[in-house]
Every structure is written in structure tokens, then in C-alpha cells.
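Please consult the sequence and structure shown here alongside the text.

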Amino acid sequence: MTGYTCKYTPVELLIALGAETKILNSEVLDFAAAERLTHTTLCCHAKAVLQQSLKEADELVLVSCCDSQRRLHDVLKARGKHSFLHLMALPHGDEPCARLQFKKELFRLCELYSSRHNSVFDRQKFIAACREAAPPAVDRPFLAVLGARVSSQMLEFLQEKVRYSLLDLTCSGNRRLENLPDGIETMDFTELMEWYAGALLRLVPCMRMTDVAGRRVLWENDNLQGIIYHTVKFCDYYGFDYARLKKETKLPILKLESDYTPQSLGQFATRLEAFMESLAPQRIAFPPKKAVGGRLFAGIDSGSTTTNIVVLNEKREIVASATVRTGANVEKSARAALEEVCSKLGTGLDGFAAIVATGYGRNSIPFANAAVTEITCHARGAYFLNPAVRTIVDIAGARTAR
Amino acid sequence: MNNLEKTIVKTFGNIVTRQVYANPGRVRRLLAAAYGLVGWRNALLRRSGVEKAYTRMGAALSRLISKSFLHPENAVMVNIFFPCEILHSLDIIPVFPEALSAYLVNSGCEQVFAEAAENADVPESFCSYHKIMIGFAETGVLPKPLLIANTTLACDANRLSFRRLAEYFRVPHLVVDVPDRIDGEAEHYVAEQLRAVTAFLEESCQRKMDWDRLCETVSIADRSLKSYREYLEIRGRRSLPVTMSGELYSLIATHVLLGTPESENYINTLKQVAQTAPPAAGKKRILWLHILPNWQESMRVIFEQNGRCEILCRDLTYDVLTDMDPRRPYESMARRLLHNINNGGAERRITAAVHYAKKMRADGVLLFCHWGCKQTMGLSQLAKSTLEAEGFPTLVLDGDGCDSRNVPDGQMATRVNAFLEQLEAEK
Ligand code: SF4
Ligand code: SF4
Ligand code: SF4
């Protein structure tokens with residue numbers, strides 16, 4: 001198996017030379033061994049690849065993407081365990097000189113790989129692989145993950161959580177080769193590589209390239225509904241892209257930073273849910289007017305330490321509130337809080353037009369009409385009290401958030 | 001620094017910090033005046049030994065920064081590796097992050113700029129030289145330069161911050177792409193790009209490049225580099241009170257100011273002083289890799305005042321001491337970029353470290369991991385194991401060359417002292 005990490009890797013050429021390729025994008029449990037060989041503040045993706053490569057010394061084709069990748073190559077080269085390890089020099093643009101340089105790199109890789117494996121270039125395989133990497137059209141609403149590469153685990157996790165189709169347009173995801181040129185069948189190897197070097201350099205530029213204006217196509221798309229912007233811990237490239245993106249688009253953006261370990265994922269769940277709520281505000285299914293006698297509205301915040309309830313009347317005035325300790329049973333605590341306000345107001349469950357639950361136990365309260373994340377509730381609550389508020393600090397029992 | 005100077009710096013830093021957002025123009029004038037004053041004061045000081053070279057270079061640098069604030073329309077923002085012979089020959093002032101950030105931290109006002117950059121989405125883990133420069137520019141204190149020109153050598157920070165600032169200032173951005181591999185084609189590729197830079201500059205500042213002047217500048221550069229090589233040769237046998245700020249001056253003399261009479265004078269003075277310096281004896285001789293935290297009092301005490309050790313030189317000054325051919329200025333500058341030990345794999349930098357550790361008769365090596373510098377951090381352990389296998393004990397020290405927020409001061413001092421004890425116990 002030949003592992004690679006970068007979208008500019010000539011995957012189709014490797015396939016044509018008989019390689020079985022695989023993108024290395026997996027999380028690891030810790031970075032202990034990788035950090036012993038490098039440093040704690042090296043990019044987490046590079047450390048994850050290093051950590052894995054110490055166990056599985058398959059073949060590896062790297063690209064001189066960034067300082068972290070260059071050093072990853074240096075360290076692996078010094079260990080000398082890989083049967084095939086190669087670093088390709090990637091130019092910073094697609095002008096003629098750069099294409100020439102990159103074509104030479106393709107020739108060099110081809111020579112090294114085929115002499116190592118005694119293999120020859122299979123033109124039909126190459127053309128078929130290029131054809132497969134051509135772009136599909138997107139004709140329905142979608143969300144995009146942009147920014148630095150996401151781990152395969154994180155991508156799966158995101159796909160599960162969002163209610164739209166999700167396109168991976170991160171640095172390693174948006175690898176779509178342009179359509180094949182006319183007459184490709186009759187081109188000789190040099191001509192093929194000339195076209196291929198250009199086609200690779202004409203991919204949507206990542207932040208490593210000098211001219212990044214072309215990145216706009218990633219977010220200028222009528223079907224795009226919102227952006228999950230991902231950065232990798234200790235990667236510098238994409239913080240800069242995010243700053244630009246924020247200025248250029250009005251689409252809703254959720255920024256997530258991960259560190260290529262499974263720990264990140266748990267923290268994202270609530271923020272993702274809140275993001276989905278902001279994209280398509282939940283229609284709360286109120287019972288029909290005639291069916292309920294009361295016109296009261298209650299919000300229950302089921303936190304890890306306490307359960308709070310606040311009741312508003314039709315004029316949006318607070319008419320009652322209560323706080324009880326959250327015991328082992330979330331539902332029971334919520335009922336206790338509800339009973340407390342009911343007895344204050346002299347009403348029963350039927351006095352309420354709607355009850356909305358939030359907080360970590362929000363999904364375990366069966367008598368609530370809807371469950372909404374605390375992030376959305378905080379935002380709405382703060383806006384209700386003072387529309388000028390821009391930052392909320394939530395000091396909670398389980399964690400503090402901003 | 002004595003106590004009075006410390007109080008002045010602190011008060012100055014506070015004034016700057018308080019005014020940055022309300023009145024960036026005033027802060028700029030204040031800094032220009034202060035650096036101008038320091039420049040003149042240093043120029044008038046009568047010093048001897050290495051201090052003579054340092055005060056003169058300090059004066060030249062302070063005046064350069066001050067001038068770039070007052071005449072930004074004649075200043076070009078560059079990175080430390082950019083071949084500035086082109087600028088000097090056109091009488092253009094170079095502005096670069098290493099000097100700006102080092103001056104700001106020594107004026108006690110870097111934090112406000114680092115924070116401004118972080119608030120504008122510059123990653124916390126980004127190289128602090130560049131981070132402070134971005135904050136300095138985007139708060140409106142650094143004036144808009146004529147244009148920005150940088151090389152892709154030697155790190156990611158170059159690619160990111162200069163592009164961002166060119167967009168911010170809306171000025172042209174010229175990038176010289178330096179390939180990793182060294183061959184005739186690569187030399188031609190880089191030389192052509194440098195010619196294009198000249199053409200662009202001629203157009204922008206409405207001045208014609210005088211070919212003879214460029215050749216003369218490259219000739220000064222060549223003499224200076226030869227002289228610096230000789231200095232290092234002598235330094236290997238002598239003991240010299242080199243300071244951390246002194247090494248910053250040497251970096252600037254062998255890079256951004258290379259080709260100027262100031263740089264040549266500086267290097268020649270250094271060489272003369274070394275020739276008459278006492279032979280090496282007693283003190284532990286440290287080869288320094290990468291950045292020196294010249295603002296940090298505890299490190300200054302250890303490396304400049306305690307008499308136990310001395311800094312030999314830093315690897316950024318010997319990164320490329322090749323000959324230059326004044327009749328082929330562009331090819332010579334291109335070669336300097338390609339052969340830089342920071343270009344390409346870590347091997348070149350580590351091999352050079354071993355070479356100079358031997359040549360300079362080092363007792364130990366200190367590799368300084370400056371905050372955010374991935375290229376240095378990434379090779380730190382590889383360098384340590386290679387150098388130690390060659391018999392040079394190596395300390396990998398984390399710190400920051402220009403942002404005092406990132407520094408565990410006490411812990412650093414303890415680690416350096418323990419390292420010196422280890423060296424002292426060995427021989
Ligand atoms: S940032 Fe660019 S060069 Fe780096 S891995 Fe991603 S696609 Fe490749
Ligand atoms: S995530 Fe960023 S730093 Fe890491 S390998 Fe990719 S581009 Fe480089
Ligand atoms: S300290 Fe490192 S990251 Fe910063 S500019 Fe220098 S080489 Fe680049």
C-alpha cells in the first residue's frame with residue numbers, strides 16, 4: 001500500500017505504475033512517540049501520520065506542503081524504515097516555469113517508483129484513473145467542510161450530525177481533476193505528464209499556493225447553505241483562510257478545531273446541533289390553540305447540577321421560576337421543577353401552550369414539546385434581554401463555554 | 001540595562017500600549033522619534049571591542065526603522081532571506097519582521113500587537129515575529145510600504161503573513177519561489193524572478209537600476225561574506241564577549257543589510273576585534289541554533305554576564321556564506337538562496353551545525369525552539385541526536401524571541417543552568 005497525504009500527490013500516476021494508494025487521514029489515540037521524535041507543537045495531522053508510520057512502515061509519498069510535512073519526511077527518512085519514501089517538491093503556482101518544475105518531479109517519481117518495483121507505466125490505467133477523478137456536479141442544497149483536512153473519523157461524525165448532504169472541500173478533500181483533454185489517447189508519455197502537471201497545479205488552490213484567489217469557487221455556490229470551517233491544531237495555514245472567508249461570505253459558518261485524536265469529537269456535538277438550529281430554526285410543534293386552555297410558556301434548562309425552569313405569559317413577562325437539584329433521574333428533576341412553578345401559579349400541565357427543554361438532559365424530558373441546544377437558548381435569551389449583547393460566558397457545572 | 005533604563009522602557013511600553021487603538025499615527029511618530037534618538041545616541045557613543053561594532057550597527061538599524069516609518073513610500077517590506085542588494089542599489093529601505101518585532105519587545109510593547117493579531121484570527125500557534133508584525137500593521141501603526149517582496153524560503157510564515165499584509169495594505173506582492181533542489185535550471189528560475197523584481201521596482205519607484213551600482217553592491221556583499229567566514233575561522237580559537245543582541249546585528253549584517261558599507265564595516269570590525277581577542281580558555285563555548293531571546297533578562301544574565309559561558313555564533317548567520325560573482329549579480333543572489341542551509345531538508349541544517357560545532361570548538365549546542373517555528377521544532381530531536389552522537393551535548397530549549405507572553409522564564413533559566421553544569425562536569 002502506498003500512503004499519501006496531499007491532494008497534489010500524483011495518485012493517478014502511482015496507480016498507473018501499479019500502486020495501491022490510500023490517503024492517510026486517520027486519528028490516533030496519542031502522540032507520545034511522534035512527539036519524542038519531534039516536538040509537542042508540530043501540526044497534529046503530521047504527528048498523527050508520524051505516529052502511525054512508526055508502526056506501519058508502508059510506502060509513503062509526501063509533498064513539500066508545509067514545514068510540518070517537510071519535517072515529517074526528515075524524521076522518517078532518518079529512521080530509514082520505509083521501503084519507499086519520497087518527498088515531492090511542489091511549486092507555489094501554475095505558471096509555465098512551475099509546471100516545468102513539477103513535470104520534472106513527476107518524471108523523477110516515475111523513475112524511482114518503477115525502478116523500485118520493476119513496474120511500467122500503464123497508459124490505460126492512468127487515463128481511467130484520471131477520468132474517475134473528474135468533478136461531479138452538485139445540484140442540491142449542501143453543507144461544506146472547508147479549511148484544513150478532516151480525519152476520516154471526524155468526517156463520518158459530521159455526516160451523521162448534519163441534516164444536509166455534506167461535501168468535504170477541505171485541503172485533502174476537494175481533489176477533482178479537470179476534464180481530460182482531446183486526443184489524450186494518442187499523447188506520448190511526455191505530453192501526458194505535461195498536461196497532468198498542469199492539471200494538478202490547476203486544482204482549486206490550497207492555502208499553500210501563492211495565489212489563493214481561486215479558492216472562492218469553494219464558497220461561491222448557490223446550493224451551499226452553510227460552512228463548517230475546520231482547522232487542525234498547530235496548523236497555521238487555515239486560520240488565515242478563515243479570516244478571509246469571514247469577510248467574503250455571508251453564509252453561516254461554524255469553526256471547529258480538532259487535533260486528530262478522538263477527544264475532539266465529543267465537544268463538537270452540541271455546537272453542531274446549535275449550528276443546525278441556526279441554519280434551519282426548528283419549528284416547534286405547538287398543540288392547536290383550542291386544545292390547550294393555558295397561554296403560558298415554559299423553558300426548562302436541565303443542567304448537570306441544577307434544573308431551572310422559567311415561565312413567561314403571553315405578554316412575554318416572567319411570571320414564575322424555580323431551581324431544583326438535578327438528581328440521578330433527569331426527568332424526575334424536571335417534573336419537580338415544573339410542579340413547583342405549577343403550584344406557584346395554581347395551574348397544571350394544561351396551563352402551558354408550549355414547553356421547551358434545553359441543557360444536557362434536554363432529550364430526556366418527555367413532556368417538553370421541543371429540545372433546543374443551550375447555545376441557541378443563550379443566544380435567544382440574551383437577545384431578548386439586551387439585543388446589543390455579542391458574547392456570552394456560560395459558567396456551568398460540567399464545563400465553561402464562550 | 002540599568003534600572004533607570006528599565007523604567008524608561010516600561011513607561012514607554014505602557015504609553016505605546018495605551019495609545020495603539022486610539023491614535024496609531026501618534027504611536028508611529030513616537031516610535032520613529034524614539035528609535036531615531038537611540039540611533040543617534042548609539043552613533044555618538046564611543047565604545048571599544050565588539051561593543052564598538054554593536055553600537056554602530058544598532059545605530060544603523062534604529063535609524064533604518066525610524067526612516068522606514070517616516071518615508072514608507074520608499075520602503076519595501078521583505079523577509080530576512082530576501083536578497084536586498086537589489087533594494088540597496090535602488091536606495092530603497094527594507095522593513096522586516098525580525099527587526100520590528102525585536103525592537104518592539106525590547107521597547108516593552110509587543111503584547112498589544114500580538115493580541116491584536118490573534119483577535120483578528122491569526123492562529124495563536126503562529127510564529128510570533130510575524131504575528132507581531134501583522135498586529136503592528138493592522139492596528140494602523142506600521143505605515144503602508146511601497147510593496148511587499150518575500151522569498152518562499154525558509155518557512156510557512158513567509159507565505160502567510162506577507163500575502164495577508166499585501167491584501168491589507170493593497171500593495172503589490174512579489175514572491176520569489178525558491179525550489180528545494182539545486183541545479184542549473186533552479187538557479188536560472190530564481191535569477192529570472194529576481195530580474196523581474198528589479199523591473200517591477202524600477203517601475204514602482206520610477207528609478208532606473210544602475211548596473212554598475214548593483215555590481216558594486218554585490219561586490220561589497222561578497223567581500224563581507226568572505227570577511228565573515230574569516231571572522232568565524234578566528235572566532236574558533238578565541239574568546240569574545242558576544243551578546244545576544246550582537247548576534248541579531250550579525251544576522252542583519254549578513255542578510256538584509258548585506259551589500260551596504262555599514263554591514264561591511266561591522267563585519268570587518270568584528271574580525272579585527274577577534275584577531276586581538278584572548279585565546280579560548282575556561283568558559284563553556286555554546287553554538288546557538290536559531291533565535292536568541294535578546295530581550296530576556298534571565299538569559300542575558302546567563303549568557304552575557306555570569307562568566308561561565310559564551311555564545312560562539314548562531315546558525316542563521318552562517319546559513320549561506322558562499323562566494324558571489326559581482327559580474328553575475330542575479331545568479332549570485334539566486335545561488336545564495338538555493339544553497340541556504342534552511343532550504344530543503346533538515347539534513348543540510350544539521351550537517352552545517354555539526355560542521356560549525358567542530359570548527360568553532362563548541363562544548364555544547366543550544367537549539368532554541370522559537371514559538372511557532374515549526375521548521376525548527378520539527379528537526380529539534382533529530383538535530384539533538386545527531387549532534388550528541390558527534391559528541392556535542394545539546395539542549396533543546398523552548399522560548400520566544402519576541403513575545404514575552406509565551407515564556408516560562410524561571411523554567412528556562414533552570415534548564416540552561418542545569419545544562420551548563422552538565423557541560424562543566426564533563427570536562
Ligand atoms: S495544504 Fe495544500 S499542499 Fe498541503 S497537504 Fe493540503 S493540499 Fe497539499
Ligand atoms: S494540517 Fe496544516 S500544518 Fe498540518 S500538514 Fe496540513 S497544511 Fe501542514
Ligand atoms: S522564526 Fe521560524 S517560523 Fe518564524 S520567521 Fe523565522 S524561520 Fe519562520
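The model is predicted: local features need pLDDT of at least 70 and side-chain atom pairs pLDDT 80 or more, whereas totals for chains, interfaces and linings use all residues. Residues are numbered from 1 along each chain as its sequence is written, chains are lettered from A and ligands numbered from 1 in the order written, and side-chain values use heavy atoms, without hydrogens and water.

Chain A is divided into three parts, with bounds from an automatic or database domain assignment.

| Domain of chain A | Residues |
|---|---|
| Domain 1 | 1-133 + 187-196 |
| Domain 2 | 136-175 + 219-280 |
| Domain 3 | 296-371 |

Taken over C-alpha atoms, the centres of domain 1 and domain 3 of chain A are separated by 57 Å.

The contact (heavy atoms within 4.5 Å) takes 44 residues from chain A and 43 residues from chain B. The two chains bury about 3400 Å² between them, 51% of it on carbon and sulfur atoms; buried area is the accessible area (1.4 Å probe) lost on putting two parts together, summed over both. A:Arg71, A:Asp236 and A:Phe240 supply 20% of the area that chain A buries against chain B, more than any other three residues.

Across this interface of chain A and chain B there are 7 salt bridges, each a side-chain nitrogen of Lys or Arg within 4 Å of a carboxyl oxygen of Asp or Glu. The side chains of A:Arg244 and B:Glu167 meet in a salt bridge at 3.0 Å, N to O.
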